[in-house]
Amino acid sequence: MSATPTRTDPPARVDLLVIGGGTAGLVAAKTAARFGASVVLAERERLGGDCLWVGCVPSKSLIAAAHAAVAHRHDGALGVTSTPPAVDFGAVMDHVHAAIRTIEPADSVDSVEATGARVVRGEVRFTSPTTATIGGAPVRFAQAVIATGSAPAVPELPGLADVDPLTSDTVWGLRALPERLLVLGGGAIGCELAQAFSRLGSRVTLVHRGARLLPKEDTDASTIVTEALRDDGVDVVLGASAARVDATEGGAGVLVLDDGAEHPFDRVLVATGRRPRTAGLELDAAGVRVDERGYITIDSALRTSNRRIRAAGDVAGLPAFTHLAGVGGSAAATNAVLGLRRGIDLSAVPRVTFTDPEVGAVGAGLSEAAERGWSTHEVALDDTDRAIAEGRTTGFARIVVDARGRVRGATIVGPRAGETLGEASLAVTHGLTTSQLAAATHAYPTYSDALWNAAVAHVRERLERPPLAPAIRVLRALRSLVVR
Ligand SMILES: Cc1cc2nc3c(=O)[nH]c(=O)nc-3n(C[C@H](O)[C@H](O)[C@H](O)COP(=O)(O)OP(=O)(O)OC[C@H]3O[C@@H](n4cnc5c(N)ncnc54)[C@H](O)[C@@H]3O)c2cc1C
Ligand SMILES: NC(=O)c1ccc[n+]([C@@H]2O[C@H](COP(=O)([O-])OP(=O)(O)OC[C@H]3O[C@@H](n4cnc5c(N)ncnc54)[C@H](O)[C@@H]3O)[C@@H](O)[C@H]2O)c1
């Protein structure tokens, strides 16, 4: 059940050519083949994409080990004392790679070919709007889906190349824990990995250009994550502009900032954003246009400037999440094969940053709420019984509500925020009201009580205002006349 393709023989003609075997391409190929189309999935390396090999799976596996390394810290407050566990970094990385191997069969060549699609190994180049080569072998396609993903963007910083910087592509090959790790970039990758490495024993400095970590999240969520990282021992440097790197030896060096501050390190991990993987595709030959950042431009039904070709996943400049790559791959294949115009609802894409505490968000945040005049309702975890019982009270659940009482967004910070977020996503996707959320009985005591109580708070507020408050007063008065 290997994910590495071996065939190099595409048929002369296919209904659908899918380029790239990450989440978007896998879902696209399987979906189209199940509809009965003849499908070739072309992959130059191995199926599974970033998520399986260098993204979600290894990072969440490392985070699980990092979490275990500090779990004892809460024990004292619970009346239990335990000794700090020892970390065997080599064994941690064995766990990371074992998780990848366990999940690999789900993305294997067999799993795709069982749907009727053919997997062909090789790099794709377009030769015209309806033809391409896969590893040099020609193929004519009626339609195509480009799903080639994105790669780490390494900044042009003088001296950086001399210290062999790690990226999210290469960090998983480490066998020894760097004593001093410098992380450049405070987005999701930077925050998750800085905290994990710190918890596993590295001395971590996180250097971020912006004024706050996780700039896409609400300000108070960023503040909580910054404090959590600092509590974990991460030296968080904000508003920093890197000037150069002075290499010493073996990947070690010093990062020098514009203000002259120096940050020495044994290894540096670059997490400063992504760039689309389009090099070598010869998009011009296919008539596929890209935007100013190089991402493939698509319309609301995922069509590129060549109406026979669609794009899905990271390469289309969509928010870089596995779940969205899957949704995009499915929509692109369905549209191609059945001639539909399914789009993606970008207003309800959930995202979770797996720091401790986790940050989960969907839909509108504080700034959109302010712009549109929507109200916000929040419950802190120190008012949430499960959090109090577990001694894990840092965080909150907040909902954004429109004038008709519909839930338009949520931000949840705390343990298992990613799990609670599912309910908020359902509410935002289907336009549920706070009354509907409040009317659903929730098991007690759970972290999702916080979200539920935020909805209840909004319902209660409405009951205390016109038109409901006077109506309730009239009903009560009438009732007291009847029942004496
Ligand atoms: C460290 C890290 C952690 C992450 N954690 C999460 C997370 O917790 N949750 C989440 O939702 N997302 C997470 N992501 C993001 C997620 O991994 C990506 O959004 C997702 O993998 C994108 O899928 P894709 O199909 O668009 O592209 P990819 O997975 O990148 O797949 C593209 C495929 O195309 C192939 N390819 C490229 N060019 C060609 C060519 N010319 N010919 C043939 N094949 C080609 C590549 O080899 C690759 O297999 C994380 C990412 C990183 C880096
Ligand atoms: N849990 C998850 O779902 C998860 C986890 C990891 C990654 N991802 C996805 O992968 C994408 C890429 O992650 P990322 O963290 O690399 O990118 P990012 O764009 O989210 O964050 C990078 C940050 O680095 C900063 N930066 C850029 N250049 C810098 C420099 N020279 N010095 C200091 N700081 C600099 C930027 O201001 C930016 O805020 C994310 O947007 C996300 O969609 C998701």
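Glycine 201 follows helix H6, and its phi is positive, near 125 degrees. The model is predicted. H6 itself runs over residues 188-200, 13 residues in total. Its first and last C-alpha atoms are 18 Å apart, close to the 18 Å expected at 1.5 Å a residue. The helix is mostly covered, with 13 of its 13 residues buried.

| Domain | Residues |
|---|---|
| domain 1 | 13-47 + 108-152 + 275-346 |
| domain 2 | 160-272 |
| domain 3 | 357-463 |

Between the C-alpha centres of domain 1 and domain 3 the distance is 36 Å. UniProt, in an unreviewed entry, places "domain: FAD/NAD(P)-binding" at residues 15-325. Over residues 15-325 the chain is 28% helix and 24% strand. The end C-alpha atoms of that stretch are 21 Å apart.

**Ligand 2.** The shell around ligand 2 holds 26 residues, of which Gly185, Gly187, Arg209, Thr272 and Ala320 come nearest. H6 gives the most, with four residues. By type, the shell divides into 13 nonpolar, nine polar and four charged residues. Where does ligand 2 lie relative to domain 1 and domain 2? Both domains give residues to its shell, so ligand 2 lies between them.

**Core.** The largest nonpolar core has 73 residues. Val183, Ala410 and Leu451 have the most contacts inside it. H6 gives the most to this core, with eight residues. Domain 2 and domain 3 each supply at least three residues to the core. Nonpolar side chains tend to be buried together in soluble globular proteins.

**Annotated sites.** The unreviewed UniProt entry places a "binding site" feature at Lys60, Thr148, Gly149, Ser150 and Asp314. These positions are spread over 255 residues of sequence. They are also spread in space, up to 22.7 Å between C-alpha atoms.

Two of these positions can be set side by side. Lysine 60 lies in helix H3 (residues 56-70). Serine 150 is found in strand E7 (residues 150-152). Is each of them buried or partly exposed? Lysine 60 has 14 other C-beta atoms within 10 Å, so it is partly exposed. Serine 150 has 21 other C-beta atoms within 10 Å, so it is buried. The cut-off for a buried residue is 20 or more.

Definitions and conventions: Residues numbered from 1 in each chain as written. Chains lettered and ligands numbered in written order. Predicted model: local features only at pLDDT ≥ 70, side-chain atom pairs only at ≥ 80, totals over all residues. UniProt positions renumbered as here; feature names shortened; annotations may be inferred. Helix = DSSP H or I, 4+ residues; strand = E, 2+ residues; numbered from the N terminus. Expected span 1.5 Å × (residues − 1). Buried ≥ 20, exposed ≤ 12 C-beta atoms within 10 Å, placed from the backbone. Near = placed C-beta within 6 Å. Nonpolar A, V, L, I, M, F, W, Y, C, P; charged D, E, K, R; others polar. Domains from an automatic or database assignment. Core = buried A, V, L, I, M, F, W, Y, C linked by C-beta atoms within 7 Å.
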